[in-house]
Amino acid sequence: MLDLPEIYTENIHRWLPELLYYSLTTLKIAFFSFLLAVVFGVLIALCRISHKRVIRTLAVCSIEVARGLPIVVVLYIVYFVPPQLFPGLDWSWFDDFTGAVLGLGIHGGAILAEVFRSGIEALHKGQREAALSLGMTPAKAMTHIILPQATRIVLPPVGNYAIGLLKDTSLCTLIGVNEIMNGAKSIAFSDYQPMAVFVLVAAIYFVMSYPLSLLVRAMERRMRVAH
Amino acid sequence: MSFFEILEKNGWYFFTTLLSGWPATLMVAAGALVFALVFGLIIALMRISTWKLVRWPSTAYVEFFRGTPALVQLFVIYFGFPDWGYQPTPIQAAVIGLGMNGAAYISEIYRAGIESIHRGQTEAALSLGMTPASAMQHIILPQAIRTMLPPMTNFAIVLLKDTAIVFAVGVLEVMALARQLVTETLTSAPIYLMAGAMYLCVTIPMARIAARLERQRQAWH
Amino acid sequence: MSKAGSGAAAGQPLLKIQDLHKRFGLLEVLQGVDLDVARGEKVSIIGPSGSGKTTLLRCINYLEKPSAGHIYIDGTLIGEKKVGDRYVHLTDRELARERQEIGFVFQRFNLFPHLTALGNVTVAPIRVLGLSREVAELRGREMLQKVGLGHKADEYPERLSGGQQQRVAIARVLAMQPKLMLFDEATSALDPELIGEVLRVMRQLADEGATMVIVTHEIQFAGDVSDRVIFMDQGRIVEQGPPRDVLGRPSEARTREFLKHIQDR
């Protein structure tokens, strides 16, 4: 039988610093792909409510495709396919880290687009009418009345997305990014301690994601009280 | 060779090879779904218990499994369990891993479903002279199932997509075969795109069904 | 003859509506409405639901685009402009400029839930008129004071009763100092015991000489406050005149029927 406490007391001083070092990459991927996803999400959501039918259809299709694909498949397609489709271009800048951020960002954009759209649509149309009747232009009504309210509605689901994203960064090891899972694999197999190392990694992920989920739940509670 | 030349020459071979990965994909998805449905119900019942000693471990379970990536859970089971003297096969590890992960999510669906049925429903049924059993059968369950069906369908889609990571513990499913084909033919674009298209052929119709169920449920209220 | 009389006799009318039509698909909700409202005049519009009175009000503020016909305020076309012989729609900015002069009080208040009562009253003066925050808040507090809610300036709408919310909504309109105020069934969404406080505020505004067009189901109130009552049915004005005529001895059968129906309730 495995004596985990003993293994940890013997090894943690070597494992933890190394794993934490790798977890910086994990956080970096999560951070940049989150920013990208918000930008994509806003753009796609705007297309989704556009008056032009073609643009709307394109947005719907991109959302359905991105949501219908496993994230690993998105990562593989984004990272491996473009260089092969356009071999003439210079792809030297396109490393695994960039591919991971781009892949997760595109996928997240599709998720957030739906979140943003439903946030705007959740508002009663009376809000817009009241703003217009006071002499605001549609743009001002959007900035001062609609968006501030939509932001609050949207915050909890965006938080949930961020939690999911943090966990999904673990998939980047599958396209070879040197993040915490990759680090864990190399330690686990060189030290012949897979159980202890992977449980430790799980704990690190938990420590990163749990505060976030407490925050989201607090926001959700506040929303429920407010309504 | 251009993309289309490759596709014309090897397309059929790619297609049949990838297709042969589907039985494993579907088997893992179905196995994990059954595992999650059963285990998730146990967790859900524990979580609504009035007994703290029962409630606490189930809450901890849900929090931990929702707070860590499925890939890590798979690694613990496949690479870690042998340390405890049990070496699961890749498929076993995948079913247990995704199943335990799914149970944490699905227990929340059960819980929401049970809690969504207003207590007044039972009381109304009993006041009409129904026995508790027939109230459960004719009044509560039909409503709870309607409430839970759309999120369950969505969960099944998520589960199917999650199977795309189990090649990491050696299951020979669609993505594993895709990777093998890439190493074999040194061409990636058509293979990964084809694999993606295959997933879409399954997930998009499923999402349509889930959306239709959800609309029906809302119309019903 | 009441001071309202016909609009033309009292100089240029503040509001002039010419042959207004509005279609929703096959349904013609307004079938040619002509209406003049003089400066300082209070006009109440009554009629069964579906008679087009709310649509008429929404068209005046261009929340609905009329299918045909024209609306003028102080001689200015609303929602469109004449280029040569053609009428073209205004840009968003031009339309917003015109709406500043027309206040609209909604049946369901439509307060902005993310802003306090004072925030609701100051957001348009600040963002639309470009007033400084200090000036806007001064004016805003004054308006809240006026509707009897000076002490609720820092409350959020969710903490206010329906009657209080509607009074804040009225203060929000007043803060823009509009030439014309439109009330769309301002008390219909309120519990009976809260209706009085809103009607009191409206009566006060009327006494101060505001120009008001009021769509309402409160026949008694319409009779007390208005210079003129208009009865609408099936998208047309059926009868209009001083309250004692229209409400007291209506000349049209449909008006009598409607009033009898209301009293029976």
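This note walks through a predicted model point by point.

1. Conventions. Residues are numbered from 1 along each chain as its sequence is written, and chains are lettered from A and ligands numbered from 1 in the order in which they are written. In this predicted model, local features need pLDDT of at least 70, side-chain atom pairs count only at pLDDT 80 or more, and totals for chains, interfaces and linings use all residues, while side-chain values use heavy atoms, without hydrogens and water.

2. Salt bridges. The whole structure holds 24 of them over all chains (a side-chain nitrogen of Lys or Arg within 4 Å of a carboxyl oxygen of Asp or Glu). C:D74 pairs with C:R39, with closest N and O atoms 2.6 Å apart. C:D74 sits in the loop between strand 4 (68-73) and strand 5 (76-77) of chain C, and C:R39 in the loop between strand 2 (27-37) and strand 3 (42-46), so the pair ties together parts 35 residues apart in sequence. Helices (H or I, at least four residues) and strands (E, at least two) are DSSP runs, numbered from the N terminus.

3. Exposure of that pair. C:R39 is exposed at 52% relative accessible area. C:D74 is partly exposed at 24%. Buried means under 20%, exposed over 50%, partly exposed in between (1.4 Å probe, protein chains only).

4. A second bridge in chain C. C:E101 and C:K179 form a salt bridge at 3.1 Å between closest N and O atoms. The two residues are 78 residues apart. C:E101 is partly exposed at 27% relative accessibility, and C:K179 is partly exposed at 33%.

5. A third bridge. C:R249 and C:D245 meet at 3.0 Å, N to O. C:R249 is exposed at 58% relative accessibility; C:D245 is partly exposed at 23%. In chain A, bridges that share partners join A:R48, A:E114, A:R117 and A:E121 into one network.

6. A buried leucine. A:L19 lies in helix 1 (residues 4-48) of chain A. A:L19 is buried, with a relative accessible area of 0%. The C-alpha atoms of A:L19 and A:E179 are 8.8 Å apart, although 160 residues separate them along the chain.

7. A buried glycine. C:G119 belongs to helix 3 (residues 117-127) of chain C. C:G119 is buried at 17% relative accessible area. From C:G119 to C:E208, 89 residues apart along the chain, the C-alpha separation is 25 Å.
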